[in-house]
Amino acid sequence: MSIFEHSEFDNHEHVAFCRDKRSGLSAIIAIHNTGLGVSLGGCRMWPYKSSEDALHDVLRLSKGMTYKAAMAGLKQGGGKAVIIGDPSTEKTPEMMAAMGKFIDSLSGNYISAEDSGMTVIDLKLIEKTTSYVAGTHAKYHLDNNSTDGNPAPSTAYGVFVGLKASVDYALGQELKDTSILIEGLGQVGMRLAAHLYKSGAKLYVTDINQVNIEKAVQAYDAVAVTIEEAHSLNVDVYAPCALGATLNENTINELKVRVVAGAANNQLEKEEFGEILMTKGIIYAPDYVINAGGVIDIYHQSIVSSKQKLKEHIEAIEQTLIEIYRRSKAESKATNLIANKIAEERFGK
Ligand code: NAD
């Protein structure tokens with residue numbers, strides 16, 4: 001099959017297949033759209049079963065970055081890179097250096113950052129052979145304890161702001177009167193729990209990691225629930241902060257919540273599930289809009305900015321969501337489709 005006919009190709013501007021025999025690197029770099037600026041997106045390392053799986057993933061993810069950047073009001077395009085291999089056993093400094101050379105050969109059209117299977121340490125190794133790397137140093141940070149480029153505190157703050165606005169829009173109530181299920185208490189979910197707890201929300205939590213659950217129960221007075229009962233819980237808000245595709249055929253009819261607002265990428269297993277949520281009267285905060293705090297953070301590290309400007313930019317997620325909800329109501333169209341439409345207007349599809 002030609003790449004141009006690939007189901008996820010979607011007029012990608014540039015797809016580079018990278019192989020370095022000496023270090024064993026096999027990678028794909030995809031640049032989806034640079035209409036608003038050079039492309040930025042994480043580099044993922046994953047033991048893909050086939051190069052076809054890797055291609056599918058990188059094309060889907062780089063397209064997602066174009067939409068995310070456009071909706072976050074960034075002068076930036078969408079791109080992504082994947083390295084094929086097991087990050088726990090196959091990653092070497094030589095491989096990272098080789099990856100840096102390939103990124104460098106794109107002359108800054110693709111700027112790389114962290115993603116699954118990659119750490120700030122790996123990015124610093126990549127930085128030895130290219131300057132087109134972001135998220136390794138933080139000049140401005142919302143989390144005063146943090147010194148590295150971890151964008152999770154900004155992602156969590158953006159989700160908090162967006163969730164609060166969604167509750168106000170959908171239920172006309174404050175967080176202190178709101179019950180919220182957080183699914184996944186990792187880098188983002190645990191920080192989200194802290195923000196919500198401070199606002200007086202009643203928290204319910206689930207995770208596959210018992211240590212994380214216990215921490216949230218202790219620190220944020222949360223009620224632990226099992227993964228099986230989570231989606232049918234009688235609460236106001238469901239905040240997916242673990243994996244993607246948790247809004248699927250099995251869960252969507254179980255939901256009793258009025259709002260879905262969380263950090264996970266690709267929450268809808270299929271785009272048409274957005275319409276089912278709308279029909280059920282559930283306000284869905286499109287994932288790439290509400291979880292854009294991290295990419296906004298990375299962008300601000302690359303320009304002359306300040307902690308205050310970064311914070312205000314993240315807080316603009318609230319207005320973007322309200323615009324989406326109003327248009328969704330006016331046009332009787334699902335929020336995810338409205339978000340896609342606004343993004344396409346902005347980057348010029
Ligand atoms: P993380 O790996 O730190 O945390 C994920 C948490 O989910 C872990 O505690 C894990 O134990 C738990 N988990 C895994 N499978 C689960 C399951 N089946 N049920 C319940 N819990 C489960 O990841 P993160 O950085 O917190 O990111 C969370 C989500 O947000 C991901 O989907 C990620 O792609 C997305 N996201 C993260 C950022 C960021 O800045 N870190 C930015 C945008 C989007």
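Contact here means heavy atoms within 4.5 Å. By that rule, ten residues of domain 1 touch six residues of domain 2. Keep in mind that this is a predicted model, where local features need pLDDT of at least 70 and side-chain atom pairs count only at pLDDT 80 or more, while totals for chains, interfaces and linings use all residues. Residues are numbered from 1 along each chain as its sequence is written, and side-chain values use heavy atoms, with hydrogens and water left out.

So where are the two domains? Domain 1 is made of 3-66 + 76-126, and domain 2 runs over 152-347; these bounds come from an automatic or database domain assignment. Their C-alpha centres are 27 Å apart.

The size of an interface is often given as the accessible area lost when the parts come together. Between domain 1 and domain 2 about 670 Å² is buried, with carbon and sulfur atoms giving 67% of that (accessible area with a 1.4 Å probe, summed over both parts). Salt bridges between the two domains number zero, taking one as a side-chain nitrogen of Lys or Arg within 4 Å of a carboxyl oxygen of Asp or Glu.

Now for the ligand. Around it are 22 residues, and T155, Q187, V188, D207 and A242 come nearest (a heavy atom within 4 Å puts a residue in this group). A backbone N or O atom of V188 is 2.9 Å from a ligand oxygen, and a side-chain N or O atom of N265 lies 3.0 Å from one.

Key: Polar contact = N/O pair within 3.5 Å; in protein donor to acceptor, adjacent residues only side chain to side chain. Buried area = accessible area lost by both parts, 1.4 Å probe.
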